[in-house]
Amino acid sequence: MPANILVLDDEKNYLLILESILEDEGYNVTTLSDPEMGLAYLEESEVDLVLTDMKMPGLTGQDVLAHCKKNYPHIPVLIMTAFGSIEAAVEAMRIGAFDYITKPFANEELVLSVSKAEQYAATQQENIRLKREIRDRYSKGNIIARGKGMQQVLDMVDRAAPSRSTVLILGESGTGKELIARALHNASPRCDEAFVTVNCMALNPGVLESELFGHEKGSFTGATAMRKGRFEQANKGTLFLDEIGELTPELQVKLLRVLQEHQIERVGGTETMDVDIRIVAATNKNLQEAVSKGEFREDLFYRLNVVSIFMPPLRERREDIPLLAAHFLDKYTKENQVEIGGFSAAAMDYLTAYEWPGNVRQLENVVERCTVLARTDTVDSDDLPPEIKDEEAQFKSAVDLLPSKLNLAETMDKIEGALVKRALVQCEFVQVKAAEMLGLSKSNLQYKLKKYELAGKAL
Ligand SMILES: Nc1ncnc2c1ncn2[C@@H]1O[C@H](COP(=O)(O)OP(=O)(O)OP(=O)(O)O)[C@@H](O)[C@H]1O
Ligand SMILES: [Mg+2]
């Protein structure tokens, strides 16, 4: 596609000449003698490059340049200056013109300059496109959310994205907390700025502080140079604080201050810097419990918990499993360059029935392993790792997931009620089938349906 060039000059004759030279080169050219109209034109049209005269009545070339820099930073601006006004040309370069040419100029000179600027614009646009592609990878389109649970999560992402409010993402390990944090950033007005991640558990507390706040040269042994911290790097963007539950009390106080005052100081520094950051924090800990135990500051908890998003464990959204499995199969067959069409019915039954203590991440690992080890072009139950098929182990992991200090009778009732309900759902509410599946007589099942207030639902 030929590039679109906007040419601004108050001398109409000059515009005619420029138009004919550039059109001969195959460009789409729009000429305007009123710079104000030029700005209006920029707003409405796709312009790849601006060529503007310096001295015009009304707005100068510098004004046009400043306007472009501010509103369309990807559009290169070429400035034409009259012979002898070299200072103005230097000034234009200083404030960001792509190049300047002095009038009068030879046609070749103009064409060369324009073609350089046009190539530059094309690369810029390619970079923007690549950035967008990476962004799409973490966009909602690539997040599997078939069931209601994840739909609610995505709905929260949509509602929370436009503001700067802090978001706390809660959920077991592997449920997709980081994925949602990135999706939140990408759906927010900050999407073109940095998304910076810090894992609060991975670093020891001393290192973590200088990692977050940066440090001045010489502030401690080994600080041989000034270093910017993650807060600074995330300025105008989003800072993702993963495993926030692991923050030490000292760092909790410091983070609270940043959240309240939007200011930071480097370690060993005296200067206070303003920062504009959106914080997204995540944890698989029960933070409220940590607060009541005195391990996590209550004031910080409330500051972080302005909006909270709860990631449901995979076993509570089994309807997502087939789509997730297919999504990962597609990803890893491409990556490993193998051809596997899908899962056998038996294999899929195992996948949907399993408890998935490691959630989506564990499912992803299992599917990756299958793409490496599958014997045929379909993943069969033989290709699945033993733990997925081991009912004893599943039973144990289900028990491990229960809270400690339970009353036995109450717990058994809860489990029984849940199993009866699940059997009903699996048998599409047909009582005879559910009774058979559970190994109960019909009357015994009816008794239990009453006990657990499910009688009205059964057929
Ligand atoms: N709904 C989903 N759709 C597609 N991929 C998903 C989904 N949820 C999670 N994933 C993928 O599963 C993997 C684990 O997700 P992620 O790292 O976001 O989990 P996490 O909750 O941060 O885990 P941890 O607590 O272990 O850090 C990632 O590769 C992620 O892309
Ligand atoms: Mg994570």
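Predicted model: local features only at pLDDT ≥ 70, side-chain atom pairs only at ≥ 80, totals over all residues.
Start at helices α19 (residues 431–438) and α20 (residues 442–451), whose axes come within 9 Å and cross at roughly 100°. That makes α19 roughly perpendicular to α20, a label used for angles of 65 to 115 degrees, while under 35 degrees counts as roughly parallel, over 145 as roughly antiparallel and the rest as oblique. The axes here are lines fitted to C-alpha atoms, for helices over the stretch in contact, and the angles run from 0 to 180 degrees between N-to-C directions.

Residues are numbered from 1 along each chain as its sequence is written, chains are lettered from A and ligands numbered from 1 in the order in which they are written, and side-chain values use heavy atoms, with hydrogens and water left out.

Back to the helix pair. Q431, A434, A435 and L438 in α19 meet K442, L445, Q446 and L449 in α20, where contact means heavy atoms within 4.5 Å. Sorted by class, the contact of α19 with α20 has five nonpolar, two polar and one charged residues. For these classes, Ala, Val, Leu, Ile, Met, Phe, Trp, Tyr, Cys and Pro are nonpolar, Asp, Glu, Lys and Arg are charged, and the others, Gly among them, are polar.

Helix α19 also packs on α18 (residues 408–426), at an angle of about 125° and with the axes 9 Å apart. α18 and α19 are therefore oblique to each other. On the α18 side you'll find L419, V420, A423, L424 and Q426, and they touch A434, M437 and L438 of α19. This contact of α18 with α19 has seven nonpolar, one polar and no charged residues.

From α13 come I321, L324, A325, F328, L329, K331, Y332, T333 and N336, and from α15 come V360, L363, E364, V367, E368, T371 and V372. The contact of α13 with α15 has 10 nonpolar, three polar and three charged residues.

Residues 4–118 are 48% helix and 23% strand, with end C-alpha atoms 9 Å apart. Over residues 143–372 the chain is 44% helix and 16% strand, and the end C-alpha atoms are 24 Å apart.

Two backbone details are worth a look. Most residues other than glycine have a negative phi, and most peptide bonds are trans. The bond from K103 to P104, though, is cis, with omega near -5°, and P104 lies in the loop between β5 (99–103) and α5 (107–137). E243 is not a glycine but has a positive phi of about 55°, and E243 sits in the loop between β10 (238–242) and α10 (249–261).

Note on methods. Helix = DSSP H or I, 4+ residues; strand = E, 2+ residues; numbered from the N terminus.
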